[in-house]
Amino acid sequence: MKEITRETHSEFQKIEGILYKNRDWLMGIGVAFVILGIIGLGMSATLGLTITEMFGVLLIVGGCVQLVHTFTINAWKGRIYLIISSCIYLLAGITIVVNPVRSELFITLMLAGMFVAIGVVRICMAFQKHSFKNKFWIIINGMISIILGIIIIANWPFSGLLVIGLLISIELILNGWTFVFFASQLKKP
């Protein structure tokens with residue numbers, strides 16, 4: 001047991017050393033993410049539209065690759081299901097690329113519904129589990145999710161043009177700050 005503990009401690013020291021040596025890179029990556037996130041906030045509508053179009057292109061590429069792969073399989077009875085699946089990918093991708101604004105609005109509406117549903121599930125879970133000591137935070141988290149979903153729905157379709165880009169920008173900023181704080185807390189091993 002002591003050998004495992006020593007090996008684990010030794011591995012952690014190696015990782016700490018590597019992270020410490022690369023803390024400037026981690027800090028730089030964090031600052032870059034924060035800057036990209038701030039830029040993204042200024043162009044949320046364009047960012048959301050670009051992400052939606054990229055998603056459509058990925059669906060088209062995935063559908064094409066799967067379709068080509070389907071015809072390389074010899075004598076397989078389930079081939080028809082792969083062909084149908086490939087066609088669905090292609091149809092969805094083409095639909096998104098041909099009309100990205102409508103697709104982005106639809107995706108945003110689904111996202112808002114997801115926020116509301118997840119919020120309700122979290123609140124129900126908090127009341128079902130009597131052993132949760134921090135039930136309050138789970139309820140608050142659920143309420144925030146519901147409120148966010150309602151705000152998106154209440155401002156729809158306008159919110160549909162901004163939400164995806166806004167969420168990606170916020171994620172970049174939070175991820176960047178995480179890198180910055182992590183790098184600044186690293187100490188020499």
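Modeller: The classes are buried for under 20% relative accessible area, exposed for over 50% and partly exposed in between, with a 1.4 Å probe and protein chains only. Keep in mind that this is a predicted model, where local features need pLDDT of at least 70, side-chain atom pairs count only at pLDDT 80 or more, and totals for chains, interfaces and linings use all residues. Residues are numbered from 1 along each chain as its sequence is written, and side-chain values use heavy atoms, with hydrogens and water left out.

Biologist: Where does Leu162 lie?

Modeller: In the loop between H6 and H7. Helices here are DSSP runs of H or I with at least four residues, strands are runs of E with at least two, and both are numbered from the N terminus.

Biologist: And which residues is Leu162 in contact with, leaving aside neighbours within four places in sequence?

Modeller: Ser44 and Ala45, where contact means heavy atoms within 4.5 Å. The C-alpha atoms of Leu162 and Ala45 are separated by 4.7 Å, although the two residues are 117 apart along the chain.

Biologist: OK, H3 and H7 next. At what angle do their axes cross?

Modeller: Roughly 95°, and the axes come within 6 Å. Axes are lines fitted to C-alpha atoms, for helices over the stretch in contact, and angles run from 0 to 180 degrees between N-to-C directions.

Biologist: How do H5 and H7 pack?

Modeller: Helix H5 (residues 100–128) and helix H7 (residues 163–185) pack at about 60°, with axes 9 Å apart, and are therefore oblique to each other. On the H5 side Glu104, Ile107, Thr108, Leu111 and Phe115 meet Val163, Ile164 and Leu167 of H7. That contact divides into six nonpolar residues, one polar and one charged.

Biologist: Switching topic: Gln66, buried or exposed?

Modeller: Buried, because its relative accessible area is 18%. Gln66 lies in helix H3 (residues 44–70).

Biologist: What polar contacts does its side chain make?

Modeller: The Gln66 side chain has one with the side chain of Ser85 at 2.8 Å and another with the side chain of Ser86 at 3.5 Å. A polar contact is a pair of N or O atoms within 3.5 Å; within protein, one must be able to donate a hydrogen and the other to accept it, and residues adjacent in sequence count only if both atoms are side-chain atoms.

Biologist: What about Ser145?

Modeller: Ser145 is in helix H6 (residues 135–154) and is buried, because its relative accessibility is 8%. Not counting residues up to four places away in sequence, Ser145 touches Phe115, Val116, Gly119 and Arg122.

Biologist: And the whole chain, how many helices and strands?

Modeller: Seven helices and zero strands. Of the 189 residues, 26% count as buried.

How values were computed
Parallel < 35°, antiparallel > 145°, perpendicular 65-115°, else oblique. Nonpolar A, V, L, I, M, F, W, Y, C, P; charged D, E, K, R; others polar.
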